Amino acid sequence: MRLPRHLLLHMFCAFVFAASSAPAYAQIVPSLPKASPGTAGILGLRRDGLFLTAPLTVDGAPVLRIAVPATPSAGGLPIDVRLLYIQNAISQILAQKDGSNNPGTVYDPHTFKIAVDRVGHQETLVATDGTHPDEIPILTITSADAQYAHVSAETLAQEWRPLLQSALVAALEKRQPAEIRSNLERLRRAAAILAVATLFGIAIWMLLRGRGNELKRALDARKEQAESSGADTQTVAANPTRERRRLLAIALLAAGPDQELQRVRALCGLVQWVLAAAWASTITWALLLFPQTTGLGQSIVRVSINVAFIWVGAGLLNKILDLVIDRFAQAYAHRGLSNETRARHLLRAPTISRSLGEFKGFIIVFIAMLATLSALGIPIASVVTIGGIAALAIGFAAQSLVRDVLNGFLVLIEDQYVVGDYVMIGDYNGVVENLTLRVVQIRDGRGNLVTIPHSAVSQVVNASRAWSRIDFRIPIDARADLNKAISTLRSVLEALGKDRAWKSAILEPVEWIGVETPSKNGVVLRAAIRTEPLRQFDVGRAITQRVCEAFEREGIALGVDPLGVPVPSVTASPQP
């Protein structure tokens, strides 16, 4: 025999409901009472002053709260036993007819009525309907209930009667065949709408994903174009000024497409979350339609609302802080009186904002996870304890990593160096090509990329902060005219400072000039020239060439440096 569709659905929902381990909502035969679950199995149990209270639920929805003394008295029922008797009576009222051609519930929702009956000295709520004139006692109002509600037992019975009747009538109507068929039709329509919305959302997501791929390709192309505009690796490493300009150009070219790419990715994530929320909402709504799964649906709704508030709040806080950090980074990047200062800020701002964003995101996610565990009923004290022990163990195992990150923060805060600076760290010197919280990567004069953890950096020499200096030395013959040699050297330096090709690189052509280290083999002339950052190398080479040519024209013979320094030399800053 083929069973009706609504009975098949009813059997399936009953199986799902039974598997969800919700004994308080199952239909129970009154003559076979269940064993007491104990207070540990009661959801919503709490201590209110002198009373222990618990919610009375119908199909998972709380209707009222019953109370017993917190200190058990002689002859008094424990709250779990009392709640069990009440739920058994409600299950008898909501039971389905057996062996009948007219499916439905035993009690008729149209004639069902809750009345107040006085049994002895206590008020009792009893149930009847048109086919069951014999009253079934459901709930007896005790003195503990009245004291907890701060009213008399008679008044409390009149307050509880319409609440319980409304809840039971709604539960009976939900179990009628006509209502089940109506819910099935609603579910089919909702499934069709959800399918169309899902396809539409997937189409939007694919368009956004395609746009993101285009932006990613454009961003990579711009970076490749900026990188290819420079010379080969060794030539660029040998010219720190050009390398610095190249890195700055890459940052400027990538700024616009990178921001648009981030917006597109954010929209893709938003579409995914909207689709997930639509599916979760529809499934929960479907569970609430049928009595066998209403309890599960109610639990999901309660938990979902709490978790949604937690993560929506965390997401909003994260976005607000992202905007604050972004505004701060933009204001910082464009702050500065000189072009050099603004360039440093522009190169430094992305690393600072990224580091602050990652740290902020970790803190927000950690707090939201703890709040979610609390909303799910998992005690967070043990989680925090276990997490603290694990963090301590990881901290001991990764001490160098922690030192790297802390030192990286100090590098950013103190502005020790940024991408594009020419630095000397230990035995290595070159242009900073990449900077993170953990490591710094520099390109040396031979084109090698050297990666140095921040914890291994003890001293840093930055040759590109604000200005640079050339310490120029040249030995001349001991018999040469010193005044003429000094005058010739000064003339060369001043002429170079006025040269259109070099005057932008020279801040002060002659800081000081004079004679140093006289000996019978030669006399060393020494001069200091202040230049723009990282211009000391090419300016120094130009000075050496012009001074040698000028001394040759004036007949000034070169000598031997008593200290054995190469002739001539630029010694204040190391050569790349």
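Arg 526 is buried in this predicted model. Its relative accessible area is 18%, and the cut-off for burial is under 20%. Arg 526 belongs to strand β14, which covers residues 523–531. Its side chain meets that of Glu 516 in a salt bridge, at 2.9 Å from N to O. Glu 516 lies in strand β13, ten residues from Arg 526, and the pair links distant parts of the chain.

Glu 516 also forms a salt bridge with Arg 473. Here the closest N and O atoms are 3.5 Å apart. This pair, too, links distant parts of the chain. Glu 516 sits in β13 (residues 506–518), Arg 473 in strand β12 (residues 468–476), and 43 residues separate them. Arg 473 has a relative accessibility of 15% and therefore counts as buried. Glu 516 has a relative accessible area of 26%, so this residue is partly exposed.

The contacts extend to a further residue. Salt bridges with shared partners join Asp 471, Arg 473, Glu 516 and Arg 526 into one network. In general, side chains of opposite charge can pair when their charged atoms come close. The structure holds 18 salt bridges.

Another salt bridge lies within a single helix. Glu 185 pairs with Arg 188, and the closest N and O atoms are 2.6 Å apart. Both residues are in helix α5, which runs over residues 177–228. They are three residues apart, about one turn of the helix. Glu 185 has a relative accessible area of 32% and is therefore partly exposed. Arg 188, at 42% relative accessibility, also counts as partly exposed. Both values fall between the limits of 20% for buried and 50% for exposed.

Just after α13 comes Gly 555, with a positive phi of about 75°.

Methods:
Residues numbered from 1 in each chain as written. Predicted model: local features only at pLDDT ≥ 70, side-chain atom pairs only at ≥ 80, totals over all residues. Heavy atoms only, no water. Helix = DSSP H or I, 4+ residues; strand = E, 2+ residues; numbered from the N terminus. Salt bridge = Lys/Arg side-chain N within 4 Å of Asp/Glu carboxyl O. Buried < 20%, exposed > 50% of the residue type's maximum accessible area, 1.4 Å probe, protein only.
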